[in-house]
Amino acid sequence: MQSAIIAILAAGLAGWVFGAIWYTSLGKPWQRAHGINPEDCKDQKMPLTPLLVAFLGAVVMAATLYQILTNLGVMG
């Protein structure tokens with residue numbers, strides 16, 4: 001059971017890190033597309049609540065996938 005929790009947390013963290021890298025690389029083009037100057041946002045502090053919610057969502061998705069695969073007998 002403990003290894004399952006570690007695997008779920010690792011999968012959630014991996015998904016969150018992948019998303020962070022993906023959206024960091026696309027952040028400036030997205031801001032420009034919405035008419036926001038990326039230089040104006042440089043001095044602003046990053047809000048932590050959306051980052052925490054995204055991480056918790058990734059962990060919930062990993063736990064759900066683990067449970068589905070376990071119930072189907074794919075993982076044991």
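The structure is a predicted model. The chain contains three helices and zero strands, and its elements follow the order α-α-α from the N terminus. With a radius of gyration of 17 Å, well over the 11 Å that the globule rule gives for 76 residues, the chain is more spread out than a compact globule.

**Dimensions and surface**

- Along the principal axes, the C-alpha atoms occupy a box of roughly 50 × 20 × 15 Å.
- Buried residues make up 11% of the 76 residues of the chain.
- The accessible surface amounts to about 6300 Å², and carbon and sulfur atoms account for 70% of that area.

**Gln31 in helix H2**

- Helix H2 spans residues 27-33 and includes Gln31.
- Gln31 has a relative accessibility of 18%, and it therefore counts as buried, the cut-off being under 20%.
- Leaving aside residues up to four places away in sequence, Gln31 is in contact with Ile36, Pro38 and Cys41.

**Salt bridge**

- One salt bridge is found in a search of the whole structure.
- Glu39 and Lys42 form a salt bridge in which the closest N and O atoms lie 3.6 Å apart.
- Glu39 is partly exposed at a relative accessible area of 47%, whereas Lys42 is exposed at 57%.

Note on methods. Residues are numbered from 1 along each chain as its sequence is written. This is a predicted model: local features need pLDDT of at least 70, side-chain atom pairs count only at pLDDT 80 or more; totals for chains, interfaces and linings use all residues. Side-chain values use heavy atoms; hydrogens and water are left out. Helices (H or I, at least four residues) and strands (E, at least two) are DSSP runs, numbered from the N terminus. The radius of gyration is taken over C-alpha atoms; the globule rule is 2.2 Å times the number of residues to the power 0.38. Buried means under 20% relative accessible area, exposed over 50%, partly exposed in between (1.4 Å probe, protein chains only). Accessible areas come from the Shrake-Rupley method with a 1.4 Å probe; for residues, only the protein chains shown count as cover. Contact means heavy atoms within 4.5 Å. A salt bridge is a side-chain nitrogen of Lys or Arg within 4 Å of a carboxyl oxygen of Asp or Glu.
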